[in-house]
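Here is a short briefing to read alongside the sequence and the 3D view. Take it one topic at a time, with the model open beside you.

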Amino acid sequence: MEHFWLIWLVSVLCALCAIPIQSNTIRQHVQLQSAIYPTKKVPPISVMVTIMIIQSCVFLALATAIGLWLMPSTGLRLWVLDHWVSRTELPFSIWSFWAVSIGSGITVGLLVKWMDGSFFQQHMTKRMGNEPISSRFFGFLSSFYGGVCEEVLMRLGVMTVVVFLAQKMGGMGISYWLGICVAAIVFAISHLPTNYMTFGKGYVVTVWTLLLNGILGILFGFLYWRYGLEAAIISHFSADIVLHVIFKNKSRK
């Protein structure tokens, strides 16, 4: 638990980067609800954003605390952070760590971009609202939230818990892959509400969301297992930069 405050404070700062995007999402949701239920009263957007930020801080604290508490029993590690703080010996070179982390993020980002453009874009014709990530600047801000906050919640939180429970139930041989897959599924499902609000509910939108985010989630989970949470964070950030900044005008991911 020695890294709790560092991880939590950094993830909260990254969560604050998402305030402009969350404001857009909430404003769009309020507009849609107002069109459907014109007499329904809703709280001010500033209040709703504040509530979302508080919820994020609480969930990040819980994920960080539970993940760090269970981590020593699972074999999962914060390799680079432990190395910098306690001079723990790394099982890999620092250069291979950076190469794998950044290289995998860029590669999977390009793969998802290609799959999006080749198989899904022509079917994404129905638009119910504007995309929350509406510019490269917002895409850059969202990369901090995705890279840090989502990895703390999904990998440090969900994946660590699943691996711990699987090992306790005697599933040592499949515990890591079970944790990787469960966390990837939860990660993919968490993107459905926003995409439904933007493109409407439908088979294509559902497959698009689950498949592409599932691929990303499996990679990040594997990196957490083999190279530590820091590798998953860097890879996720790199992939988001590719998808939400470099190819922002050409992708709806």
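Helices (H or I, at least four residues) and strands (E, at least two) are DSSP runs, numbered from the N terminus. This is a predicted model, in which local features need pLDDT of at least 70 and side-chain atom pairs count only at pLDDT 80 or more, while totals for chains, interfaces and linings use all residues. Residues are numbered from 1 along each chain as its sequence is written, and side-chain values use heavy atoms, with hydrogens and water left out.

**Helix H5 and its residues**

- Ser101 is found in helix H5.
- Ser101 counts as buried because its relative accessibility is 0%; buried means under 20% relative accessible area, exposed over 50%, and partly exposed in between (1.4 Å probe, protein chains only).
- Ser101 touches Ala231, Ile234, Ser235 and Ser238, leaving aside residues up to four places away in sequence; contact here means heavy atoms within 4.5 Å.
- Val108 also lies in helix H5, and its 7% relative accessibility makes it buried.
- The contacts of Val108 are Ile215, Leu216, Leu219 and Ala239, again not counting residues up to four places away in sequence.
- Val108 and Gln31 are 77 residues apart along the chain, and their C-alpha atoms are separated by 35 Å.

**The nonpolar surface patch**

- Trp84, Val85, Trp98, Ile102, Ile106 and Leu110 make a nonpolar surface patch of about 550 Å².
- Patches are made of residues with over 30% relative accessible area and no salt bridge; like charges are joined within 9 Å, and nonpolar side chains (Val, Leu, Ile, Met, Phe, Trp, Tyr) within 5 Å.
- The accessible areas come from the Shrake-Rupley method with a 1.4 Å probe, and for residues only the protein chains shown count as cover.
- Helix H4 (79–86) and helix H5 (94–120) each supply at least two residues of this patch, and the largest share, four residues, comes from H5.
- Trp98 lies in helix H5 and counts as partly exposed because its relative accessibility is 34%.

**The largest nonpolar core**

- A nonpolar core is a set of buried Ala, Val, Leu, Ile, Met, Phe, Trp, Tyr and Cys residues joined through side-chain atoms within 4.5 Å.
- The largest core has 59 residues, and Leu76, Leu156, Met159, Leu216 and Tyr224 touch the most other members.
- The largest share of this core, 10 residues, comes from helix H9 (residues 203–227).
- Met159 touches Leu76, Met154, Tyr176, Gly179, Ile180, Ala183, Gly221, Tyr224 and Trp225, with residues up to four places away in sequence not counted.

**Salt bridges**

- There are two salt bridges, each defined as a side-chain nitrogen of Lys or Arg within 4 Å of a carboxyl oxygen of Asp or Glu.
- The side chains of Asp82 and Arg77 form a salt bridge at 3.5 Å, N to O.
- Asp82 is buried because its relative accessible area is 12%, whereas Arg77 is partly exposed at 26% relative accessibility.
- Glu151 and Arg155 form a salt bridge between their side chains at 2.7 Å, N to O.
- Both Glu151 and Arg155 lie in helix H6 (residues 136–168), four residues apart, about one turn of the helix, and both are buried.
- An α-helix has 3.6 residues a turn, so residues three or four places apart point the same way.

**Helix H3**

- Helix H3 (residues 45–70) has 26 residues and reaches 37 Å from its first C-alpha to its last, close to the 38 Å expected at 1.5 Å a residue.
- The expected span is 1.5 Å times one less than the number of residues in the helix.
- The buried residues of H3 include Val49, Ile53, Cys57, Leu60 and Leu68.

**Loops and backbone angles**

- Arg87 has a positive phi of about 60 degrees although it is not a glycine.
- Arg87 sits in the loop between H4 and H5, and it is exposed because its relative accessible area is 58%.
- Gly200 follows H8 and has a positive phi, near 85 degrees.
- Gly202 lies in the loop between H8 and H9 and is partly exposed, with a relative accessible area of 28%.
- Gly170 is in the loop between H6 and helix H7 (175–189), and its relative accessible area of 65% makes it exposed.
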